[in-house]
Amino acid sequence: MKFRSILLSGLLGLSAMASDAAFAHQGHDHGTMPGMHEMAVTVTAIDHKTGIVNVSAGDMKLTVHFPPTSLAEVKEGDKITLHLGFTKTP
């Protein structure tokens with residue numbers, strides 16, 4: 001089975017409106033997505049040009065992507081919350 005991860009909202013100061021717009025763009029109702037949860041993480045590396053962010057939560061390490069413009073105020077060492085869910089790809 002192939003799963004596609006969806007990030008529900010951006011980092012730090014992104015508004016709920018921006019998050020809702022991102023989901024509307026993906027065509028998903030984020031209120032009914034399986035696995036919905038929040039994860040507190042620490043930014044371990046960030047590429048402001050590509051939007052690639054490496055984060056850690058305890059022993060778990062993740063690489064996530066955001067629109068580069070949303071990362072202007074984010075830096076290595078920041079503690080952030082990721083809002084996550086997924087949908088199964090047909």
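**Strands 3 and 4**

Select strand 3 and strand 4. They pair in the antiparallel sense, with six bridges between them. This is a predicted model, so each stop shows computed coordinates.

Now zoom in on Val55. Leu62 in strand 4 stands opposite Val55.

Move to the turn. Strand 3 and strand 4 form a hairpin, and two residues lie between them. Select Gly58 there. Gly58 has a positive phi of about 65°.

**A stop at Ser56**

Stay in strand 3, which covers residues 52-57, and select Ser56. Is Ser56 buried or exposed? Ser56 is buried, because its relative accessible area is 14%, under the 20% cut-off. Show its neighbors next. Beyond four places in sequence, Ser56 touches Val41, Thr42, Thr44 and Lys61.

**Strands 2 and 3**

Strand 2 and strand 3 run antiparallel and are joined by five bridges. Pick Ile46 in this pair. Its bridge partner in strand 3 is Val53.

Follow the chain through the hairpin of strand 2 and strand 3. Four residues separate the strands here. Click Gly51. Gly51 takes a positive phi near 85°.

**Pro68 and its loop**

Keep Gly51 on screen and select Pro68. Pro68 sits in the loop between strand 4 (60-65) and strand 5 (79-88). Which residues does Pro68 touch, leaving aside those up to four places away in sequence? They are His48, Lys49, Thr50 and Gly51.

Color by accessibility. Pro68 counts as partly exposed, because its relative accessibility is 32%. Then draw a distance from Pro68 to Val53. The two are 15 residues apart in sequence, and their C-alpha atoms are 9.8 Å apart in space.

**The nonpolar core**

Now show side chains for the largest nonpolar core. How many residues make up this core? There are 12 in all: Met39, Val41, Val43, Val53, Val55, Val64, Phe66, Leu71, Val74, Ile80, Leu82 and Leu84. In soluble globular proteins, nonpolar side chains tend to be buried together.

Val53 and Val55 both belong to the core. Val53 is the bridge partner of Ile46, and Val55 stands opposite Leu62.

**The salt bridge**

Select Lys75 and Asp78. Their side chains meet in a salt bridge, with 3.0 Å from N to O. A search of the whole structure finds one salt bridge. Side chains of opposite charge can pair when their charged atoms come close.

Compare how the two partners sit. Asp78 counts as buried, because its relative accessibility is 14%. Lys75 counts as exposed, because its value is 51%.

**Strand 5 and Phe86**

Jump to Phe86 in strand 5. Phe86 counts as partly exposed, because its relative accessibility is 29%. Draw a distance to Met36. Phe86 and Met36 are 50 residues apart along the chain, yet 7.6 Å separates their C-alpha atoms.

**The whole chain**

Zoom out. The chain has one helix and five strands. From the N terminus, the order is β-α-β-β-β-β. Of its 90 residues, 29% count as buried. The accessible surface of the chain comes to about 5900 Å², and carbon and sulfur atoms hold 59% of that.

Turn on contacts. Among contacts in the chain with a separation of 6 or more, 60% join residues 24 or more positions apart.

**Where to be careful**

Last, color by pLDDT. The chain averages 75, and 64% of the residues score at least 70. Where in the chain is confidence lowest, and where is it highest? Strand 1 (residues 3-9) is lowest, at a mean of 35, while strand 3 is highest, at 97.

Finish by selecting residues 1-28. Their pLDDT stays under 50. The model has 60 contacts beyond four places in sequence for this stretch. Where pLDDT is low, the predicted coordinates should not be read in detail.

Notes:
Residues numbered from 1 in each chain as written. Predicted model: local features only at pLDDT ≥ 70, side-chain atom pairs only at ≥ 80, totals over all residues. Heavy atoms only, no water. Buried < 20%, exposed > 50% of the residue type's maximum accessible area, 1.4 Å probe, protein only. Contact = heavy atoms within 4.5 Å. Areas by Shrake-Rupley, 256 points an atom, 1.4 Å probe, with all protein chains shown as cover. Core = buried A, V, L, I, M, F, W, Y, C linked by side-chain atoms within 4.5 Å. Salt bridge = Lys/Arg side-chain N within 4 Å of Asp/Glu carboxyl O. Pairing = 2+ DSSP bridges. pLDDT = per-residue confidence, 0-100.
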